[in-house]
Amino acid sequence: MTFRFRTFGAAALLAGSLHALPAFAETTLNVVMQAPLRSLDPILSTAQIVRTHGFMVFDTLLGMDAKYNPQPQMADYAVSADKMTYTFTLRDGLKWHDGTPVTAADCVASLKRWAANDGAGRTMMGSVASIEATSDKVLVIKLAKPFGQVLELLAKPSPVPPFMMPKRLAETPAGQQVTEMVGSGPFKFVAAQYRPGDQAVYVKNTDYKPRAEPMSWTAGGKTVNVDKVVWKAMPDMQTSINALQSGDVDLIEQVTIDLLPLLKANDEIKTGAINALGSQVTGRFNHRLPPFDNPKVRQAAMYALDQEQLMQTAIGDSQYYKLCASVYGCDVPLASDAGSKYLKGSAKERMAKAKELLKASGYDGTPVLMMQPTDLTILSTQPIVAAERLREAGFKVDVAAMDWATLQSRKNSTQPVAQGGWNMLFTYWGVSGIWNPTVHALLDGSGAETAWSGWPKSARVEELRAAFLTAPTLDEQKTIAHEIQQIAYDEGFYFNAGEFQSVAAWSAKLKNLQPGPLTLFWGVSK
């Protein structure tokens, strides 16, 4: 945190200055985030860094507390007895950053834009009869058929939260980035100081009125206690650590585990997990291009890959990662061991099975283009390790090194590899974004181009995901989720490479860092 003091010394006073000003301190929080911010529209990106940026600038109708419960945020709500009508009333004093009032019409347009770009949102809209503003402060969602997770989806913090923005921005043509970062959230984005991939600056929104409830994840009162937050890009972790120890940086969002001992010996530095939930590393196959358009080839790849090896290489210390079969997260209510046969057995046994399956699949030697993000430490090693395992199984693999922003753009291509396409990539998802089949983007079995990259297609999975929405009990939801998980493994939707816990490091001068599903910058003070 940087303090700037302006004072007038004795010489100025002796000179008879009549314009002396009182001393003040501007509180600036300097942060190294886990990835550089190169894209700004949080509705068109599932990247964690863009989502965190979104929560700085924008707000949501509902927030999600630490118990996964939806809570009022921008709006209070009422649900009809038959659960077919949801009425939201905006709270008083909401303003956009340009000074104009937030209206229900803005929120209707924002919900429609979100639903057009989020898989769970599109699913919800299939059950919605209408969304309309009945006054400047009231919007109403009427269902055409039962849909049990309206509130949960409007409160979800990941992967694409339903951020509210002015109607003029929400009506940006489909697929185009919004042109301004104008929200109603606790911080204002300083566009003039933004340097893509290098620096992003946010200042306290003095017009923001926090809710009265205690802070809990993205719910409750978002009280800002700093004047400015500056995100700095430092691709080299040792450089980041040196900056933290010298006081030039106040927080490193994600520290590589092998360098933690350097920090634990410093009494002025604290380390720990501020993101309450872990993240799942996922190896995604492109189902549209050879060789992974063949399910047997995908199965062979899953047997060749090894959770333990991938976690050991990327994380190292076993106290910071977990191995489990659950595609929803290891410790959530829907967790099960369905599909675990693809993960069990020794590395030698698994490799023998992979070779057997690959031979039987008719694989013709088509190279696998594996994308590797070189500027995202937590994901830079998995493609290299995975490529070696796949080669041992009999695959031909080319590793294409690129920065994270390029990977994020390229993953959306459905073209052949020679024309900018891809075959496999690794990414990771916070458990808050995958904890049930509705929000889990990688379990979208529609095969549609609007689905998350990889585009698997399974009519049965889509039937089950629809049934999950109306399942009346947790036991029935578990049964459905179990079957979806089994199909996801059998059809090779993706490889579950294990779950890890992010470890942050920060100056001991910081107080009240808030736990959450992502890094939160309200509540913290110095």
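Trainee: In which sense do strand S11 and strand S12 pair, and over how many bridges?

Mentor: This is a predicted model, so read every feature with that in mind. Strand S11 covers residues 199-204 and strand S12 covers residues 228-232. The two pair in the antiparallel sense, over 5 bridges.

Trainee: What is the order of the strands in the open sheet?

Mentor: Read it from one side to the other: S10-S11-S12-S1-S13-S21-S14. That is 7 strands, with mixed pairing.

Trainee: Which strands stand at the edges, and why is one side of each left without a neighbour?

Mentor: Strand S10 (187-189) and strand S14 (269-272). Each has a single partner strand, so one side of each has no neighbour in the sheet.

Trainee: Which strands does helix H2 lie across?

Mentor: Helix H2, residues 48-57, lies across S10, S11 and S12. Against S12, helix H2 runs at about 165 degrees.

Trainee: Now helices. How are two packed helices described?

Mentor: By the angle between their axes and the distance between the axes. Now the case here. Helix H14 spans residues 459-470 and helix H15 spans residues 474-490. Their axes come within 10 Å and cross at roughly 160 degrees. Angles over 145 degrees count as roughly antiparallel. H14 and H15 are therefore roughly antiparallel to each other. Their crossing is left-handed.

Trainee: Which residues of H14 and H15 make the contact?

Mentor: From H14, look for Arg460, Val461, Leu464, Arg465, Ala467 and Phe468. From H15, pick out Gln477, Ile480, Glu483, Ile484 and Ile487. By class, the contact has 7 nonpolar, 1 polar and 3 charged residues.

Trainee: How many bridges join strand S6 to S8, and how many join strand S7 to S8?

Mentor: Strand S6, residues 85-90, is joined to S8 by 5 bridges, and the two run antiparallel. Threonine 87 has valine 140 in S8 as its bridge partner. Strand S7, residues 128-133, is also joined to S8 by 5 bridges, again antiparallel. In that pair, serine 130 stands opposite lysine 142 in S8.

How values were computed: Residues numbered from 1 in each chain as written. Predicted model: local features only at pLDDT ≥ 70, side-chain atom pairs only at ≥ 80, totals over all residues. Heavy atoms only, no water. Pairing = 2+ DSSP bridges. Helix = DSSP H or I, 4+ residues; strand = E, 2+ residues; numbered from the N terminus. Contact = heavy atoms within 4.5 Å. Axes fitted to C-alpha atoms, helices over the stretch in contact; angles between N-to-C directions. Parallel < 35°, antiparallel > 145°, perpendicular 65-115°, else oblique. Left-handed = near helix turned anticlockwise from the far one by under 90°. Nonpolar A, V, L, I, M, F, W, Y, C, P; charged D, E, K, R; others polar.
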